[in-house]
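Have the viewer open while you read.

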Amino acid sequence: MKKLTAQLAACQLFRGMEEEEIENILKNIQYRIPAYKKDELIVHSEDPCECIFIVMDGEIEIQKNMASGKFYNINYLKAGEVFGIGSLFSDTDTYKVDIVAKKDCVLFEIREEQVRQLFCNCPAVSLNMIRIAGNKIVQLDQRIELFSAGSIKRKIAYSLLKAANTFHSDTICLQISKKQWSEHLNVSRTSLSRELKELEEKGIISIRKNIILLLNKQYLKDIL
């Protein structure tokens, strides 16, 4: 129990709460802690919205599948992050997206009735739920901005400038692989690599493995 409460204390849903408070909550709700193997489907887009999930360990990917059979990446979530709140508290009946294990992962699953109980009886948790939902809206706005950027070069420029702003540094450490990055931008990996190489040859950026140094931010801003 101590290990579980310590993990939950570090997650978004129980942010700012003491482990003793979380332990008391766990005694009064039902939950599951399922494990999934890499590439295993966790949630199908047509599954009914019945739970929220906290990533305890590993990494998951949220995907939107198209009628053509192709899919595009919406987001990657790591330990401590939550998904399902928006769907659970909306008028939709299903999740509308597929959730896939990108690595072996362990989740903390709470069913709808338990979530509503928490929302009504625990102000700290309800505030965190609202904060999580608000952050998801901001992320969605950013994705819309990204997709409306147009060309691959503009998408890369937007992505790099956003990362620099997030980390408050012109040195960016990629948290995902280039394959995942290309999926996030909804471009091919080959196209991403070609554009990055061109930017490096022009002296706009410098790339060393997973580290990208922005040498000319104004050039990237002018692209936008």
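Start with I99: setting aside residues up to four places away in sequence, its contacts are E40, L41, I42, V43, I60, E61, I62 and F83. I99 belongs to strand 7 (residues 98-101). With a relative accessible area of 2%, I99 is buried, because anything under 20% gets that label. For a sense of scale, I99 and T166 sit 67 residues apart in sequence, with 25 Å between their C-alpha atoms. Keep in mind throughout that this is a predicted model.

Is S45 buried or exposed? S45 is buried, at 17% relative accessible area. Leaving out neighbours within four places in sequence, S45 touches T94, Y95, K96, V97 and D98.

**Nonpolar cores**

The largest nonpolar core holds 24 residues, and L8, L13, F14, I54 and V125 have the most contacts inside it. Helix 1 (2-9), helix 2, strand 3, helix 3, strand 8, helix 4 and helix 5 each give two or more residues to this core. What does I54 touch, beyond its neighbours within four places in sequence? The contacts of I54 are L8, C11, L13, F14, G80, E81, V82, V106, L107 and F108. There is also a second, separate core of 23 residues, with A163, W181, I207 and L220 among them.

**Aromatic rings**

The structure has four aromatic pairs. One of them, Y31 with F108, is stacked, at 4.8 Å centre to centre and 25 degrees between the planes. Y31 is in the loop between helix 2 (19-26) and strand 1 (35-36) while F108 is in strand 8 (residues 105-111), so this pair ties together parts that lie 77 residues apart in sequence.

F89 sits in the loop between helix 3 and strand 7, and F119 in helix 4 (residues 112-121), so the pair links parts 30 residues apart in sequence. Here F89 is partly exposed, at 36% relative accessible area, and F119 is partly exposed too, at 32%. Elsewhere, F53, F83 and Y95 make up one aromatic cluster; F83 also turns up among the contacts of I99, and Y95 among those of S45.

The largest pocket contains about 1800 Å³ of space. It is lined by 49 residues, of which I74, N75, Q139, R143 and H184 are the closest to its centre. Which element gives the largest share of this lining? That is helix 5, with 13 residues. Other elements that supply two or more lining residues include strand 4 (59-65), strand 5 (71-78), helix 6 (152-167) and helix 7 (178-185).

The second largest pocket is lined by M66, K70, F71, Y72, N73, S182, E183, N186 and V187. Strand 5 and helix 7 each provide at least two of its lining residues, and the largest share, three residues, comes from strand 5.

| Pocket | Volume | Lining residues by type |
|---|---|---|
| Largest pocket | about 1800 Å³ | 27 nonpolar, 15 polar, seven charged |
| Second largest pocket | about 220 Å³ | four nonpolar, three polar, two charged |

**Positive phi angles**

Two backbone spots are worth a look. D39 has a positive phi, near 75 degrees, though it is a residue other than glycine. D39 lies in the loop between strand 1 and strand 2, and it is exposed, with 54% relative accessible area. H168 is not a glycine either, and its phi is positive at about 55 degrees. You will find H168 in the loop between helix 6 and strand 9. At 71% relative accessibility, H168 counts as exposed, because the cut-off for that label is over 50%.

Definitions and conventions. Residues numbered from 1 in each chain as written. Predicted model: local features only at pLDDT ≥ 70, side-chain atom pairs only at ≥ 80, totals over all residues. Heavy atoms only, no water. 1 Å grid on protein atoms, 1.4 Å probe; cavity = no way out; pocket = protein on both sides within 12 Å on 5 of 7 lines; lining within 4 Å. Points joined across faces, edges and corners; volume = space filled by probe spheres on them. Helix = DSSP H or I, 4+ residues; strand = E, 2+ residues; numbered from the N terminus. Nonpolar A, V, L, I, M, F, W, Y, C, P; charged D, E, K, R; others polar. Buried < 20%, exposed > 50% of the residue type's maximum accessible area, 1.4 Å probe, protein only. Contact = heavy atoms within 4.5 Å. Phe/Tyr/Trp six-rings, centres within 6.5 Å; stacked < 30°, edge-to-face > 60°. Core = buried A, V, L, I, M, F, W, Y, C linked by side-chain atoms within 4.5 Å.
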